[in-house]
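My entries follow the display.

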Amino acid sequence: MKIEFSPPDISDLEIEEVVDTLKSGWLTTGPKTKELERRIADYVGVKKAVCLNSATAALELALILLGIGEGDEVITCAYTYTASASVIHHVGAKIVLVDMDKDSFQMDYEALERALTRKTKAVIPVDIAGVPCDYDRIFEILERKKSLFHPKNEIQKSIGRVAVVEDAAHAFGGEYKGKKIGSIADFTAFSFHAVKNFTTGEGGAVTWNLPGTDEERIYKELMLWSLHGQNKDALAKTKLGAWEYEILYPGYKCNMTDILASLGLAQMKRYEGLLKRRDEIVKAYTKAFEGTTIHPMNHYPKEGFSTKHLYIVNLEGKTLEERNEVIVKMAQKGVACNVHYKPLPYHGAYKKMGFDIQDYPEAFCRYQNVMTLPLHTKLSDEEVEYISSCLKEIVK
Ligand SMILES: Cc1ncc(COP(=O)(O)O)c(C=O)c1O
């Protein structure tokens, strides 16, 4: 047996759609990207979406639109991937990390409340593994602490409290209290990276929920920032004679291409089925581990729908070294496993910024004995059975 951790699920539908684009004569941002943006907005239940080349770009552009920079603070969780925090550094603001909750994979909301200062401009909650954070709780805290908040630009003023920029890299298709992820936070960033549930190879999207704000204006600003701040994109410039353009901001270059968007258009047609298959696999694993010392994270929160991006298990009583040994033994049996996450303060880059893992006891404790099993739609029932039998045998 050789079981990969997370291979992409690409069918003939994706291949045909990409070939269609290749034959169309238009490769970069164009009609297919615009179509994918419309489909994403419809699916999420918002007016508009912007496709980009990653969730990292989506998070960073959200911070840029919010006018966040030097002198500001942005809070996120210590237990996440670096992109949730590095974007704060990129815009010149101060990264503030809070520990994780004892009973979930979300941030400790009491620690979030304590971390708010007069300089805080945004919070980046992370829907780890596709399980939505407790957004009512987050908004309640930020509303209650509103007197600390001093807006810096028009968008911040219209929000009227610290902004919520949701890292939904894992959560495309997720729901919280009957609302789709993407329609709840002030800004939401999705990832369509090759290992994600829904993939365009590399890619991402940003949506926003800013009542009272001009939708077209936000869309246009995101367009500008994603393409050099140039007032005409490549498609507009193809109009005969319409060569002239103006650079309005020193923008980034993080637009999605039509080749990537065509993968997304095909994935969109298959996505409900892909989510259903993930659900079947999670249920099969969870049943197999009942009554053992292998404790899976809860993918069935009362208040929402998890996209089941990662199957993280806690190995009761194992030390860090023992957990690592289990991963090696699984590899010897042909099963690729992983760890989500090595907490940020445990990485060299964050240590250099002055973070100390001892200040994040819960994240460190969790990290020591978790591992992630393969969870993807190319897995057969037999493979799921093989993986769970191997793990049970090894940890016995
Ligand atoms: C929690 C989290 N946030 C953000 C990202 C960044 O996504 P992307 O690779 O699309 O920039 C990832 C990627 O794995 C992630 O796991």
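**Entry 1**

I started with strand β3 (residues 94–98), where four of the five residues are buried, so the strand is largely enclosed by the rest of the structure. Buried means under 20% relative accessible area, exposed over 50%, and partly exposed in between (1.4 Å probe, protein chains only). Strands (E, at least two residues) and helices (H or I, at least four) are DSSP runs numbered from the N terminus. I noted that the model is predicted: local features need pLDDT of at least 70, side-chain atom pairs count only at pLDDT 80 or more, and totals for chains, interfaces and linings use all residues. Residues are numbered from 1 along each chain as its sequence is written, and side-chain values use heavy atoms, with hydrogens and water left out.

I then checked the pairing: β2 and β3 run parallel and are joined by five bridges. Two strands pair if DSSP finds at least two bridges between them. Cys77 stands opposite Val98 in β3.

**Entry 2: Thr76**

I found Thr76 in strand β2 (residues 73–77). Thr76 is buried, at a relative accessible area of 0%. Leaving out residues up to four places away in sequence, Thr76 touches Ser84, Ala85, Ile88, Val96, Leu97, Val98, Met107, Ile124 and Val126. Contact here means heavy atoms within 4.5 Å.

**Entry 3: helix α3**

I looked next at helix α3 (residues 55–65), which is mostly covered, with 10 of its 11 residues buried. Among them are Glu60, Leu61 and Ile64. After α3 comes Gly67, with a positive phi near 75 degrees.
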